[in-house]
Amino acid sequence: MYRYHRLLAAFLLSTMLFATRLIAGAEDWRIALCISADPVHKMNVSWRCETRLDRPLVQFIQNSPLAKFQNLPLNQSRALVEEVRGRDSSLIYVYSGEMSGLEAQTAYAYRVGGGESWSEWFVFRTASEEAEPFQFIYLGDPQNGLMTHVPRAFRAAYSAAPDAAFMTMAGDLVSVPDDDQQWQDLFHAGGWIFGKVPQVPVMGNHAYYYQGQWQKAPAKQWRQHFALPTNGLASLPETNYYFLYQDLLFVVLNGNTQRKEQAKWLDELLSREKAHWIILSMHQPLYSTGEGRDGSKMRDAFLPVIDKHQVDLVLQGHDHTFGRTFPLKGGVVVKKREKGTVYINSVSGSKQYELEPMIGSVFAVTDADKQFYHVIDVQPSTLTLWSYTVDGKLKDTVIIKPASNR
Ligand SMILES: [Fe+2]
Ligand SMILES: [Fe+2]
């Protein structure tokens, strides 16, 4: 009997010890690996949990085949913490950290946490200092069907480009940002892909819809879920930003506000940074495919700058349809050999609009009632945009040549 009690006590103790040790997955803690302003040497990460970690850390090390790699000397950096109210007014701790001093073109394993609570280990790769070929993923609005339709779009996109350097979502990540369940659903759809592939989110108009109405300022939940560069306009931190990924200058604009100011900022940036390729991502399109929609506000603000600097490609959302333009300049299709800009609208979630029947001749291809994902292949001599429907069928290919003046 005594022996039985001892065994029972040992069992209960081991269960209690085990219970204090938490290993969280990407979805549990909403872990997002986020692009930094210098993806050769630095990467950002954000997460959240119900525990206030005593010493929140990001730990990272060059990826290794060793099973006991975590016993090797680890790099670590202290994360910032913010206390917020979650569902049912419960306290949630939002963390953001960075991994800096990274080596170029190197795979790293990282985890986040502290004490006895840690995430799983994720692996990512830094950018090269040279103009190496690479690919990235672009998706239009996820927003709806986050638990039902969006997972297959994210997974198909990742399967098409498993080595993607980063993944951009052109706004409206969720429909109602003060509904915490929608964020949980988004991170369910993204899962470990969000922990592994650096995220480049764009702010859509739905970031401004909360407390049951359209608001002037974006919901605070948007920034709480990411840790992004603040190198755009000081008044638009983490929603207007840019980074150089090898020979590509990638610029994120916030199409909801301060468009004139951002156009001026963009003009200065593109005059200063002479990248081989220039791609912009913004939510509201310059040329609409959604019925009854018009991109004149966006064209008025950004078209002169886009044309002046011969931007290669503009990635957009908002219209819940698919459309890819011919190369355009000043709103008209350019002649052969002349450099124009290609614009694309897309959607990855379940909400779908009718196509605009008055669409002019600027669109080379359009489609509706389907979910899409896209892979962009960046080479020194060509930029290729592949558009796939969610079932993996190639819908459209466009090959873009570099501008002559860069
Ligand atoms: Fe939108
Ligand atoms: Fe939308």
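Domain bounds here come from an automatic or database domain assignment. The model is predicted.

**Exercise 1. Into which domains is the protein divided, and how far apart do their C-alpha centres lie?**

Step 1. Read off the bounds: the assignment places residues 22–125 in domain 1 and residues 134–400 in domain 2.

Step 2. Take the centres. Those of domain 1 and domain 2, computed over C-alpha atoms, are 26 Å apart.

Step 3. Count the residues in the contact: 23 residues come from domain 1 and 23 residues from domain 2.

Step 4. Assign the domain 1 side to elements. At least two residues each are supplied by α2 (26–29), β2 (32–34), β3, β7 and β10 (122–125). The largest share, 4 residues, belongs to β3.

Step 5. Sort the domain 1 side by class: 15 residues are nonpolar, 5 are polar and 3 are charged.

**Exercise 2. Describe the overall dimensions and content of the protein.**

Step 1. Count the elements: the protein has 7 helices and 27 strands.

Step 2. Compare the radius of gyration with the globule rule. The value is 22 Å, close to the 22 Å that the rule gives for 406 residues, so the protein is as compact as a globular protein of that length.

Step 3. Take the extent along the principal axes: the C-alpha atoms fill a box of roughly 90 × 45 × 40 Å.

Step 4. Buried residues make up 45% of the 406 residues. Of the contacts between residues at least 6 apart in sequence, 70% join residues at least 24 apart.

**Exercise 3. Which strands pair with β7, and in which sense?**

Step 1. Start with β3 (residues 43–49). This strand runs antiparallel to β7 (residues 91–99), and 7 bridges join the two. Within that pairing, Trp 47 has Tyr 95 of β7 as its bridge partner.

Step 2. Turn to β6 (residues 80–85), which pairs with β7 over 6 bridges, also in the antiparallel sense. Here Leu 80 stands opposite Ser 96.

Step 3. Examine the hairpin of β6 and β7. There are 5 residues between the strands, and Asp 88 takes a positive phi near 55 degrees.

**Exercise 4. What is the strand order of the open sheet of 7 strands, and which strands stand at its edges?**

Step 1. Write the order: β16-β17-β18-β19-β23-β20-β24, with mixed pairing.

Step 2. Find the edges. β16 (241–245) and β24 (363–367) each have a single partner strand, so one side of each is left without a neighbour in the sheet.

Step 3. Take one pairing as an example. β17 (residues 248–252) and β18 (residues 277–281) are parallel and share 5 bridges. Leu 248 has Trp 277 as its bridge partner in β18.

**Exercise 5. Is His 374 buried or exposed?**

Step 1. Locate the residue: His 374 belongs to strand β25 (residues 372–378).

Step 2. Apply the cut-off. A residue counts as buried if 20 or more other C-beta atoms lie within 10 Å of its own. His 374 has 26 such atoms within 10 Å, so it is buried.

Step 3. List the contacts. Leaving out residues up to four places away in sequence, His 374 touches Ile 137, Tyr 138, Ser 346, Leu 385, Trp 386, Ser 387 and Tyr 388.

Step 4. Relate His 374 to Gly 97. The two are 277 residues apart in sequence, and their C-alpha atoms are 29 Å apart in space.

Technical notes
Residues are numbered from 1 along each chain as its sequence is written. Chains are lettered from A and ligands numbered from 1 in the order in which they are written. This is a predicted model: local features need pLDDT of at least 70, side-chain atom pairs count only at pLDDT 80 or more; totals for chains, interfaces and linings use all residues. The radius of gyration is taken over C-alpha atoms; the globule rule is 2.2 Å times the number of residues to the power 0.38. A residue is buried if 20 or more other C-beta atoms lie within 10 Å of its own, exposed if 12 or fewer, and partly exposed in between; C-beta atoms are placed from the backbone. Two residues are in contact if their C-beta atoms, placed from the backbone, lie within 7 Å. Two strands pair if DSSP finds at least two bridges between them. Ala, Val, Leu, Ile, Met, Phe, Trp, Tyr, Cys and Pro count as nonpolar, Asp, Glu, Lys and Arg as charged, and the others, Gly among them, as polar.
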